[in-house]
Amino acid sequence: MNSRRFKKYAWLMLMFTAGYLVALHFHPGSIVQTRIIDSNSSEAGSHTGLARSVDMELFWDVWGVIDQDYVYKEESDDKEDMVNGAIKGMLESLDDPYTLFMDPEETAAFDQTLSGELEGIGAEVTKKNGFITIVAPLKNSPADKAKLMPGDIIVEIDGESTELMTLGEAVKLIRGERGTKVKLGISRRGLTELLEAELVRDTVHFDSVTWGMKAGQIAYMEVVQFDDNTLRNFNTAINELILENPKGLIIDLRNNSGGYLDVAVNMLSELTGEKQKAVLIKGRNEINNKVIYTTGRARLDEIPLIVLINEGSASASEIVAGAVQDWERGTLIGKKSFGKGSVQELRPLEGGATLRITIAKWNTPHDHNINKEGIFPDVEVELTTEDHNKDIDPQLDCALEYFKKGSCSENL
């Protein structure tokens, strides 16, 4: 494994909640570590011993019957597919959408997700409450241009129902080469009719951090994910915006499904001049618990702050938002966040496959676990489908008004 790949797996907030950014990304997980187990090591032997303590006879009986008597044998000769399918079935029995087996193809797609360039429709999907659900579309992606929204449920893919599909099966149908088309049937909260969207897959390029000045000398920074380029872009943005002497700062984390943990902590470190708890990690055993602190070196700690969040803000985004709220460093405006409060570890396997397994929880500085609950904003502001379709942004408008008045009107 090269050093860059190891860094990517060493401390990573697995963006993309349960699954995949259909460009695709694999979604919000949390902090990820990598551990390679040598097949000859004593640890590997202990796993073998564990397997022997479980009666595997039924499994091998079924395998033998398939191998000997299955009528479509020529279509099932790929034993690797059978092994991968068995592994995925075992993990699905855990009923944990964040514990996944990624085959070599899926692992390669995951590696691509944090590079700032993706190919597909540019929407992160997960399986939530049994439904294939959009977590967040990437800005300027085919999904974004088609006005897909966080919480949209994909009920059909090219006319095929997703009701009995696994997340991986749905992803493989949505994924495809640039220039090809995919038709999605979308169920959206508040609408009784199914929405139909035909998307043309494309290469999606995006800057993880962009910024500009708004009216009233307010700096506005949009962070779309915490990827390979975010820290560099964030530092550049800080160096530029402090020259403008802003009277306030808005950090927009809406539809940001996560990324590297260290980038999230670095962002928090720029917001507080004190060395404070950024996130608490709680493992299966107390010996694995740890507290991660900010550095105490900040350039933005004196600037009044508002953070925008919504249903697509997850994982690393929630670490930033949760700390800002617990510290009372700024005001959260928008809608309740996604709710991803568990930690995953990535373990490379033979042949280029990867096991992603939940190994811990993360809590906010005040020891709140937001898993499945999300973070509630200090000021709740709706962004409706009609607003979205008209490119109206009442959440951002509220933030700008909040700096002027300390509140915002209900009918922006």
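**Entry 1: β14 and β18**

I looked up how β14 and β18 sit against each other. Strand β14 (residues 248–252) pairs with β18 in the parallel sense, over 4 bridges. I count two strands as paired if DSSP finds at least two bridges between them. Helices (H or I, at least four residues) and strands (E, at least two) are DSSP runs, numbered from the N terminus.

The model is predicted: local features need pLDDT of at least 70, side-chain atom pairs count only at pLDDT 80 or more, and totals for chains, interfaces and linings use all residues. Residues are numbered from 1 along each chain as its sequence is written, and side-chain values use heavy atoms, with hydrogens and water left out.

I then went through individual bridges. Leu249 has Leu305 of β18 as its bridge partner. Ile250 has Ile306 of β18 as its partner.

**Entry 2: how covered the two strands are**

Are the residues of β18 buried or exposed? I found 5 of its 5 residues buried, in a strand that spans 305–309. Buried means under 20% relative accessible area, exposed means over 50%, and partly exposed is in between (1.4 Å probe, protein chains only).

In a regular strand the side chains alternate between the two faces of the sheet.

In β14, 5 of the 5 residues are buried, so the strand is largely enclosed by the rest of the structure. Gly248, Ile250 and Asp252 point one way, while Leu249 and Ile251 point the other way. All of them are buried, Asp252 included.

**Entry 3: the neighbours and the sheet**

I moved to the other neighbour of each strand. β13 (residues 218–223) pairs with β14 in the parallel sense over 5 bridges. Ile218 stands opposite Gly248 of β14. β13, helix α8 (residues 230–241) and β14 make a right-handed β-α-β unit. I call a crossover right-handed if, with the strands pointing away from the viewer, the path from the first strand over the helix to the second runs clockwise.

β18 and β19 (residues 331–334) run parallel and are joined by 4 bridges. Ile306 has Thr331 of β19 as its bridge partner. The chain leaves β18, passes through helix α10 (residues 316–327) and reaches β19 in a right-handed β-α-β crossover.

What is the strand order of the open sheet? I read it as β12-β13-β14-β18-β19-β22, 6 strands with mixed pairing. β12 (209–214) and β22 are the edge strands, and each pairs on one side only.

**Entry 4: rings and charges**

I searched for aromatic pairs and got 4 in the structure. The ring centres of Phe59 and Trp60 are 5.1 Å apart and their planes are at 85 degrees, so I log this pair as edge-to-face. Rings of Phe, Tyr and Trp (its six-membered ring) pair if their centres lie within 6.5 Å; planes under 30 degrees apart count as stacked, over 60 as edge-to-face and the rest as tilted. Phe59, Trp60 and Trp63 form one aromatic cluster. Phe59 is partly exposed, at 33% relative accessible area. Trp60 is exposed, at 51%.

Next I looked for charges over rings (NZ of Lys or CZ of Arg within 6 Å of the ring centre and within 35 degrees of the ring normal). The charged end of Lys275 sits over the ring of Tyr293, 5.9 Å from its centre. Lys336 lies over the face of Phe376, at 5.7 Å from the ring centre.

**Entry 5: positive phi**

Which loop holds Asn129? I placed Asn129 between β5 (123–128) and β6 (131–137). Its phi is near 55 degrees, a positive value in a residue other than glycine. Asn129 counts as exposed, at 68% relative accessibility.

Asp367 also has a positive phi, near 70 degrees. Asp367 is in the loop between β21 (354–363) and β22 (379–380). At 37% relative accessibility, Asp367 counts as partly exposed.

**Entry 6: whole chain**

The protein chain has 12 helices and 22 strands. Of its 412 residues, 49% count as buried. Among contacts (heavy atoms within 4.5 Å) with a separation of 6 or more, 69% come from residues 24 or more positions apart.
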